[in-house]
Every structure is written in C-alpha cells, then in structure tokens.
Amino acid sequence: MPEGDTIWRTAAALRPRLVGRRVLSARPAALGRLAGATVTAVDTAGKHLLVRFDNGLSLHTHMRMTGVWHTYAPGARWRKPERMARAVLEVEGAVAVLFNAPLVELTRHDDHTSHLGPDILADDLDLERVVRRARSLGDVPIGELLLDQRVSAGIGNIWRTEALWTHRINPWRPSASLTDDELSALFAWAHREMRAHLRGPYRRSAVHGRAGRNCPRCATPISVRAQGAHARLTYWCPSCQYQITGSSPEAPSGRQRASPRA
Ligand SMILES: [Zn+2]
C-alpha cells in the first residue's frame, strides 16, 4: 500500500529526470496538451502526486494500492506491459510511465488537492494548524481522524495504527476526549517516524498485520476490526490500548478476536 512516504520517494526519483525538461510527447490522447510544455515541479500532497508544467497544467495522479511510476532511458524495455500504462511522458532524455494508477487527470492549479491538510512529511509541519483542522471536524474516533486527509495529508493505515499503539490509545476513542497535546503528539510521532523511514529501512510493525499474535508490550493477542466508512482494517492491543471514555466501540465484526474494554 503506497503511503505518503512512498509517494514522496517516487517524487524524489522523478524530479531529476523530469524537472526542467520539455515534453516531447504525452499519451494517452487526453494528455496531448502537455506536448511542448516544460516540467516545472514534481510535488506531493499527501498521497497525491502532481507533475506541474509551465503552461499552467498539472498532471494529477493518485496511486491508491496499485499505481507506480517508472522512468526509462529512451528506447529501453519497460518492466511492465504497455497495456498497463495510464500515462506516458516522453521528455528529453527520459520516458516516465505511470502504470495501473486509478486516477490520472489534468488539472489547473490545485483544484483537487486544496482540501488537503498539511503534508505530514513537510519540513516545517505546523502541528497547531493540524490540531485546529482536527478539531474542526468535531468528535470522531481518533483512528478515523488520523486517516482523514483533510487534517493532515499522507498518513496511511500502517502509520496511524502504529502511532495509536505507541501512545496506548484505543482507535475508537473519541477525538474530543484527547487533549490538544495528546493529538499533537500523535501527529508529531507520525511526522518523525515517517521522515525517518524515508532515509532508512522499513521498521517492523508492532501491531499492524499481526492479528492474533502477541502485543510486543504486554503479550495480549492483537485484535483486528474494520473501522470507519472505508472499513480500514484496524489492529490494536485490547489490553494496553484501553478505551478511556464511555463511548462504546462499533459492533464487533467476525474478524474481531477480543473486545476493547468499555
Ligand atoms: Zn498490549
């Protein structure tokens, strides 16, 4: 699953091959208006990747689970079949190919990303602003709030799961029951750990993907259950991520192994 940091790495790999280069051709036909334009930037906004051009257009892509950008020398053999290509940008000295992405569109300005909160990977992440945006959404389960890209863009399922375990917070705990400092600490942790991950190897998950195995902290079997409108699989330790306030968690699903304490 590409999370914000994976998109960030992709952008870093594309920049030296695209920025400052003129587009010789662009496919499919819907991208034809890019021919002749020069790439001015490759930006990320959370999980969105934007290739910007000097004619005011941006190529907006969202990778979801499957999308991947490759770059090749002109004439080099591609590592995936051409029929999987969703966008092909041929510039001077390189060909960039986007495979399998579900969203590819040309936009002007930032129409489709202006609703996004600050990028969690930004150098100068403004945590007070993130907390204000979190509060503006009202009282929602903290596990859903961390994934809400309007609060802060780029935190994916793995990182929010691990952030909550690290801070011993139950994913269904209402956000209104957390202090501003507690909220800020969760986003600060994601910011720090995701940035560290850009430079190093994948860290081992404590709870994500480990349903039924022992919590590394207290040895209680880890639970899993779908959370929120998008039914994102949520892993947590029912012992050390206890429910602090009276709000009851969602009805248990078949995947559940143990109940959080009410
Ligand atoms: Zn535990």
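Colleague: Which residue in β10 is the bridge partner of V224?

Modeller: That is Y235 in β10. Keep in mind that this is a predicted model.

Colleague: Okay, and how many bridges join β9 to β10?

Modeller: Five bridges join them, and the two strands run antiparallel, with β10 covering residues 232–236.

Colleague: Is β9 mostly covered or mostly open?

Modeller: Mostly covered: β9 spans residues 223–227, and four of its five residues are buried.

Colleague: What happens at G228 in that hairpin?

Modeller: G228 has a positive phi near 80 degrees, and the hairpin of β9 and β10 has four residues between its strands.

Colleague: Is A219 buried or exposed?

Modeller: Exposed, because A219 has 11 other C-beta atoms within 10 Å and the cut-off for exposed is 12 or fewer.

Colleague: Switching to the core. Which residues touch the most other members?

Modeller: In the largest nonpolar core, which has 55 residues, those are L18, L34, L89, A190, V207 and W236. Domain 1 (4–108) and domain 2 (127–236) both contribute residues, so this core lies between them.

Colleague: What is V207 in contact with, beyond its sequence neighbours?

Modeller: Leaving out those within four places in sequence, V207 contacts T161, E162, W165, C215, I222, Y235, W236 and C237. Y235 is also the partner of V224 that we began with.

Colleague: Now helices. At what angle do α2 and α5 pack?

Modeller: About 115 degrees, with the axes 9 Å apart; α2 is residues 127–136 and α5 is residues 180–199. The crossing is right-handed. From α2, L127, V130, V131 and A134 meet D180, L183, S184, F187 and A188 of α5.

Colleague: And the four-strand sheet, what order are its strands in?

Modeller: The order is β2-β3-β4-β8, an open sheet with antiparallel pairing. β2 (39–45) and β8 (103–108) are the edge strands. On average, neighbouring strands are turned by 20 degrees against each other, direction ignored.

Colleague: Which residue stands opposite H48?

Modeller: H62 in β4. Five bridges join β3 (residues 48–53) to β4 (residues 57–62).

Colleague: Last one: where is the cis peptide bond?

Modeller: Between R27 and P28, with omega about 0 degrees. P28 lies in the loop between β1 (23–27) and β2.

Notes: Residues are numbered from 1 along each chain as its sequence is written. This is a predicted model: local features need pLDDT of at least 70, side-chain atom pairs count only at pLDDT 80 or more; totals for chains, interfaces and linings use all residues. A residue is buried if 20 or more other C-beta atoms lie within 10 Å of its own, exposed if 12 or fewer, and partly exposed in between; C-beta atoms are placed from the backbone. Two strands pair if DSSP finds at least two bridges between them. A nonpolar core is a set of buried Ala, Val, Leu, Ile, Met, Phe, Trp, Tyr and Cys residues joined through C-beta atoms within 7 Å. Domain bounds come from an automatic or database domain assignment. Two residues are in contact if their C-beta atoms, placed from the backbone, lie within 7 Å. Axes are lines fitted to C-alpha atoms, for helices over the stretch in contact, and angles run from 0 to 180 degrees between N-to-C directions. A crossing is left-handed if the near helix is turned anticlockwise from the far one by less than a right angle, and right-handed if clockwise.
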